[in-house]
Each structure stands twice: as structure tokens, then as C-alpha cells.
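Thanks for coming, everyone. Let me put today's structure on the screen and walk you through it.

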Amino acid sequence: MTATAAPAMRSQTASPYRLTFVRALRSEWIKLSTLRSTWWSIGITAVITIGVALLIAQSMDVPGFEPIQAVVSPVQFTMLLAGVLGVIAVTGEYSTGMIRSTLAADPVRGSVLAAKAIVVAVFLFIASLVISLVAALAVSPIFASRDMPFPWDTPADSFLPILAAAVSMAVFALIGVAFGFILRSGAGAIAATVGLLFVLPIVMTIFAMPGDEWKWIIDVSNHLPMSAAQSAILPQDGWGLPVGEAYLTLGAWVAAGMLSAWAVLRTRDA
């Protein structure tokens with residue numbers, strides 16, 4: 001009688017829910033959206049993007065200045081916020097110990113990494129896209145008053161740079177996610193992210209000198225994330241990378257970061 005009752009008891013207590021990747025994505029979205037730092041970061045990004053765009057639009061009354069430049073120029077400031085948000089999305093779990101619950105619920109560590117990376121990247125892309133469009137609408141009357149209408153009818157001078165800027169922000173966030181999983185320390189991962197996105201390009205610029213023997217420094221500098229993003233957003237003849245190579249470079253940074261994070265995540269204990 002005991003033997004026949006055991007299967008019945010197990011069937012009654014078995015959970016009707018099964019872990020799927022969609023549910024893992026939903027879990028990561030809940031964790032990201034319930035962090036105050038997420039919305040503070042997005043709010044600050046919006047203020048900087050729109051504020052700087054308005055300041056540039058008001059002050060840059062010079063021939064040849066394109067209105068889209070005012071909208072996408074703030075990316076060189078907001079990239080740090082995107083990277084830091086990516087870091088916090090990961091290291092916040094390590095600092096509180098929640099990562100143990102996450103890995104217990106989803107033992108496939110590659111799935112955990114993929115779900116978090118997708119949620120963070122999509123969130124930053126959509127938020128950045130909306131903020132940039134609002135900034136474009138905000139500066140349009142300023143340029144229109146100078147007989148410089150915003151080129152909405154020319155995608156290459158309006159929508160495409162805004163899309164490229166949103167993609168770049170997602171890439172910067174993924175770099176932060178990668179450093180978060182690799183270093184597991186908020187301070188260390190933020191320092192590494194800031195160093196790669198902001199400090200290293202400045203150092204490369206300082207040491208870049210005329211002459212063929214220094215050309216490799218310029219080539220390395222052009223392939224850093226921020227420089228590649230600038231080439232993708234506003235391509236210029238004779239400077240930076242071609243658009244296709246710029247996107248390949250950004251993709252390579254993401255791939256290298258995610259593979260490194262996956263290697264660390266699957267070989268270290270939480």
C-alpha cells in the first residue's frame with residue numbers, strides 16, 4: 001500500500017511549471033526593472049542627452065553643422081551610464097547573494113548569461129532610441145528657426161544615426177555585463193568598463209603621433225568600442241572605420257566579452 005501511494009503523492013506535489021528560456025528572460029526583466037539604479041541611470045541618460053543636445057543646438061550656429069550631430073553627440077557621455085548599468089545588473093546579484101538562487105533555478109549557466117545579456121541590451125536599445133528621438137524633436141524647432149529643418153525625410157541623416165547610437169548604447173551595456181561576470185566586483189567591473197570606454201581612447205590619442213611607426217596606435221584606437229561606435233553613428237571619409245567594419249568591430253567586442261564571461265561563469269563557483 002505504501003509503494004502505490006508514493007507515486008500518487010509525488011504527482012500531487014510536482015510543480016506544473018517548467019523552466020523555459022522565455023521565463024528566464026521574464027525573471028531577468030523583473031530583476032532589472034525593480035532596481036532603482038536602473039531608472040536613475042535611464043533618467044540621468046535622458047537629462048544628459050536632451051540637455052546636451054539643446055545646448056549644442058543653441059550654440060552651434062555655424063555653416064555646415066548637421067542637426068543630427070547635436071542629437072548623437074551626447075553618446076560620448078552617456079556611454080558610461082550604459083556600461084555602469086550593465087555592470088550593476090550583474091554585480092548586484094553577486095553582492096546580495098541572489099546569484100546563488102538564480103543559478104539554482106537555472107543550472108545552465110550559459111542560459112543565465114544569455115537571458116541577462118538580452119534583457120539588458122534590448123532595454124538599453126529601446127530606452128536610448130526613445131530618448132534620442134525625444135532629443136531630436138526637442139532640437140528641431142531650434143534648427144528650423146535658422147532655416148535648417150531637421151532632415152526627417154533623409155534616413156541617412158536622421159533615423160540611421162539615431163539607430164546606430166541606440167545599438168552602440170546596447171553594446172556598451174553588454175561590455176559592462178561581461179566585466180560584471182568576469183570580475184564579480186562592482187568597483188572593479190566599473191573601473192574596467194570606464195577604462196575601456198573612456199580612459200583608453202584618451203591615452204591612445206595622447207600617444208598617437210605622425211609617422212608610419214605610430215600608425216598601429218591609430219589603428220588600435222579606431223577599433224576601440226567608442227571609436228568604432230562614432231564611425232558607425234556618423235561615418236566620415238578619411239577618419240575612423242568604414243561603417244561595415246565599425247559594426248563588425250562592435251560585434252567582435254560583444255562576442256569576446258560574452259565568451260569570456262561564459263568561460264568564467266561556467267568554471268567558477270558562485
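Read along the sequence, the pattern of the protein chain is α-α-α-α-α-α-α-α-α-α-α-α. That is twelve helices and zero strands. Please keep in mind that this is a predicted model.

Now the overall dimensions. Taken along the principal axes, the C-alpha atoms fill a box of roughly 90 × 50 × 30 Å. The protein chain has 270 residues, and buried residues make up 41% of them. Next, the contacts between residues at least 6 apart in sequence. Of these, 75% join residues at least 24 apart.

Let's go to helix H11, residues 225-233. How many of the nine residues of H11 are buried? Eight are, so H11 is largely enclosed by the rest of the structure. Here are the buried ones: Pro 225, Met 226, Ser 227, Ala 228, Ala 229, Ser 231, Ala 232 and Ile 233. And what covers them? The cover includes helix H4 (67-72), H5, H8, helix H9 (186-207), helix H10 (215-222) and H12.

Take H8 from that list. Helix H8 runs over residues 159-183. Two packed helices are described by the angle between their axes and the distance between the axes. For H8 and H11, the axes come within 8 Å and cross at roughly 165°. That angle makes H8 roughly antiparallel to H11, since over 145 degrees counts as roughly antiparallel. The crossing of H8 past H11 is right-handed.

Who makes the contact? On the H8 side, Pro 161, Ala 164, Ala 165, Ser 168, Phe 172 and Ile 175. On the H11 side, Pro 225, Met 226, Ala 229, Ala 232 and Ile 233. By class, this contact of H8 with H11 has ten nonpolar residues, one polar and no charged.

Stay on H8, but look at its packing with H9. Here the axes are 8 Å apart, at an angle of about 140°. H8 and H9 are therefore oblique to each other. H8 passes H9 in a right-handed crossing. From H8 come Phe 172, Ile 175, Gly 176, Phe 179, Gly 180 and Leu 183. They meet Gly 188, Ala 189, Ala 192, Thr 193, Leu 196 and Leu 197 of H9. The contact of H8 with H9 divides into eight nonpolar, four polar and no charged residues.

Between H8 and H9 there is a loop, and Arg 184 sits in it. Arg 184 is not a glycine, but its phi is positive, near 65°. Is Arg 184 buried or exposed? Its relative accessibility is 18%, so Arg 184 counts as buried.

Compare another loop, the one between H7 and H8, where we find Asp 147. Asp 147 also is not a glycine, and its phi is positive, about 60°. At 70% relative accessibility, Asp 147 counts as exposed.

On to helix H12, residues 243-267.

Now a pair of threonines. Thr 78 is in helix H5. Thr 78 has a relative accessible area of 2%, so this residue is buried. Leaving aside neighbours within four places in sequence, Thr 78 is in contact with Thr 45, Ile 48, Thr 49 and Met 169. Pick Thr 49 from that list. Thr 49 lies in helix H3. With 5% relative accessibility, Thr 49 counts as buried. Not counting residues up to four places away in sequence, Thr 49 touches Val 71, Pro 74, Thr 78, Ile 131 and Ala 135.

One last residue. Gln 58 is also in helix H3, residues 36-59. Gln 58 counts as exposed, at 54% relative accessibility. Beyond its neighbours within four places in sequence, Gln 58 is in contact with Ile 142 and Arg 146. Leu 200 is 142 residues from Gln 58 along the chain, and their C-alpha atoms are separated by 31 Å.

That's the tour. Thank you.

How values were computed:
Residues numbered from 1 in each chain as written. Predicted model: local features only at pLDDT ≥ 70, side-chain atom pairs only at ≥ 80, totals over all residues. Heavy atoms only, no water. Axes fitted to C-alpha atoms, helices over the stretch in contact; angles between N-to-C directions. Helix = DSSP H or I, 4+ residues; strand = E, 2+ residues; numbered from the N terminus. Parallel < 35°, antiparallel > 145°, perpendicular 65-115°, else oblique. Left-handed = near helix turned anticlockwise from the far one by under 90°. Contact = heavy atoms within 4.5 Å. Nonpolar A, V, L, I, M, F, W, Y, C, P; charged D, E, K, R; others polar. Expected span 1.5 Å × (residues − 1). Buried < 20%, exposed > 50% of the residue type's maximum accessible area, 1.4 Å probe, protein only.
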